[in-house]
Amino acid sequence: MKVQDTKILVVDDEIGYRKVLSNALTERGFYVKTAESGEEALDEIKKQEYHIILVDMKLPGNIDGLELLQRVKNLYNPSVLIMTAYGGIESAVEAMRRGAFNYITKPFNLDEIILNIDRIIAQQKIIEENKYLHSELEKVYGLKRIIGSSREIQKVLNMISRIAFSAATVLITGESGTGKELVARALHFTGNRKDKKFVVINCATLSENLLESELFGHVKGAFTGAIKDKKGLFEEADGGTLFMDEIGDIPKSVQAKILRVLQEGEFIPLGDTTAKKVDVRIIAATNQDLLKGVQEKEFREDLYYRLNVINIAMPPLRERKEDIPLLVKHFIEKYNKKANKHIKGISPEVEKEFYNYNWPGNVRELENVIERAITLTNEDRISVNVVLPLVKKEGNPEVSENELFAQPYKEARRKAIDSFNVKYITNILNKMNGNVTYAARESGIERQYLQRMMKHYHIKSKEIF
Ligand SMILES: Nc1ncnc2c1ncn2[C@@H]1O[C@H](COP(=O)(O)OP(=O)(O)OP(=O)(O)O)[C@@H](O)[C@H]1O
Ligand SMILES: [Mg+2]
């Protein structure tokens, strides 16, 4: 956790202490609020979660420091630092027993408080990192997550095992929903970088400037709004892997900088003067034809060859229909668990339907169909009348709020944003009779960015009416 993101609540009835602490901590960049009593502190905590709470043991009213500690710990798990007068050490020790981080006797000097806060932040950082590692590992048992018995998938799995331990750049190509990200994760988590970070960036959904500052970071003052130094994702991924999704959408100016990282292993943060060295394995993915981009001079040829050291081409699902039964079984188990159901499988008619369908959205579409079918099915098996309306629909179907809320936050947010973007862009283009320049001006979206989003969501300006 960074200093600026750390919220501290100071609870003390003496205005002198509140002022001194609030000033000193604000000056160091923390977000600080104060409260005079336990009651007020609880009100404040209900409004927002504080990471660190400084609590005086003796407080007016019905809630003293010990009681406040107890109540706060029942709500969530912030780090509580106790402040106590010299005579109150016994109860401070009791507070420690009940989960306070430490206690400090009054009068204290500020350094002591700061030292404790630094320790808390260091500790919270370790907890965060562990959580991160855990959740990333959970999402991935590497190869085992990739389901399929077809020769095509077996070839992909072999390839992954062969190259996971190399640092060579990999380009994963394939239609949307074929499992490109899954393969990228498998490469990272089966290789020797697995204890370092796997960082993902979606190059299609950021404007040119944002993309640059996300990737390379910036120093304070590099541009209006750069109020502090910011680490870029290349640095974040140092020692690990950077997964650059939708690499085909990178503007040319950024392409040159990425090439430099690939060639020299270094980059210069925005507004900085010296280069930074990093050791990052790059895995890129695209569902576009990059070679066509090269021919049309939209994608640098030298970058293309640097990225395409190893190519993994994900076959579309319609070319490996023998994988459908295994995938169906896998997704039924997954969503049974989620919905707490015991559906056994699909009916023979559904099997036939699935076999005949050509799955434009590939495995992701199959997964979505199963997920929805499970929520709609109350029998032993998923029947064809449940499935038909789900597979015949083209394009990006609306997702209901209930469905969204049943999914992990990240996934839900992505779907909500996608659906919103499609609606917003279609609407503004309609309003401007399909004129992209006008639409960009009207909406305040950078024109190039709008165009990239249109490409990403397959929205064509002429087709709009
Ligand atoms: N072979 C597979 N086995 C199990 N699950 C798979 C497989 N292929 C894809 N999936 C699942 O399908 C979904 C889409 O996969 P993924 O996100 O990797 O696709 P993608 O190729 O990156 O798509 P896009 O180009 O749209 O980003 C994920 O939920 C993934 O877990
Ligand atoms: Mg993807």
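## Shell around ligand 1

The shell around ligand 1 holds six nonpolar, five polar and six charged residues. This comes from a predicted model. The shell counts 17 residues, and those that come nearest to ligand 1 are S176, G177, K180, R364 and E367.

Several backbone atoms reach the ligand's oxygens. For G177, a backbone N or O atom sits 2.8 Å from an oxygen atom of ligand 1. For T178, the corresponding distance from a backbone N or O atom to a ligand oxygen is 3.3 Å. G179 brings a polar backbone atom to 3.1 Å from an oxygen atom of ligand 1. On its own, ligand 1 has 630 Å² of accessible area, and the protein covers 89% of that area.

## Largest nonpolar core

The largest nonpolar core has 31 residues. Within this core, I201, L215, F234, L242, M244, I247 and I258 touch the most other members. The strands that supply at least two residues each are β7 (198–202), β10 (241–245) and β13 (281–286). The helices that do so are α8 (208–216), α9 (233–236), α10 (252–264), α11 (290–295) and α12 (301–307). Helix α10 contributes the most, with five residues.

What does F234 touch, leaving aside residues up to four places away in sequence? Its partners are L215, F216, L242, V261, F267, V278, V280 and I282. Two of these partners, L215 and L242, are themselves among the core residues that touch the most other members.

## Second core

A separate core of 24 residues also exists. Its members include V328, I343, V350 and I370.

## Whole chain

The chain has 465 residues, of which 47% are buried. Its secondary structure amounts to 20 helices and 16 strands. The C-alpha trace spans about 80 × 60 × 50 Å along its principal axes.

Key: Residues are numbered from 1 along each chain as its sequence is written. Chains are lettered from A and ligands numbered from 1 in the order in which they are written. This is a predicted model: local features need pLDDT of at least 70, side-chain atom pairs count only at pLDDT 80 or more; totals for chains, interfaces and linings use all residues. Side-chain values use heavy atoms; hydrogens and water are left out. A nonpolar core is a set of buried Ala, Val, Leu, Ile, Met, Phe, Trp, Tyr and Cys residues joined through side-chain atoms within 4.5 Å. Buried means under 20% relative accessible area, exposed over 50%, partly exposed in between (1.4 Å probe, protein chains only). Helices (H or I, at least four residues) and strands (E, at least two) are DSSP runs, numbered from the N terminus. Contact means heavy atoms within 4.5 Å. A residue is near a molecule or strand if one of its heavy atoms lies within 4 Å of it. A polar contact is a pair of N or O atoms within 3.5 Å; within protein, one must be able to donate a hydrogen and the other to accept it, and residues adjacent in sequence count only if both atoms are side-chain atoms. Accessible areas come from the Shrake-Rupley method with a 1.4 Å probe; for residues, only the protein chains shown count as cover. Ala, Val, Leu, Ile, Met, Phe, Trp, Tyr, Cys and Pro count as nonpolar, Asp, Glu, Lys and Arg as charged, and the others, Gly among them, as polar.
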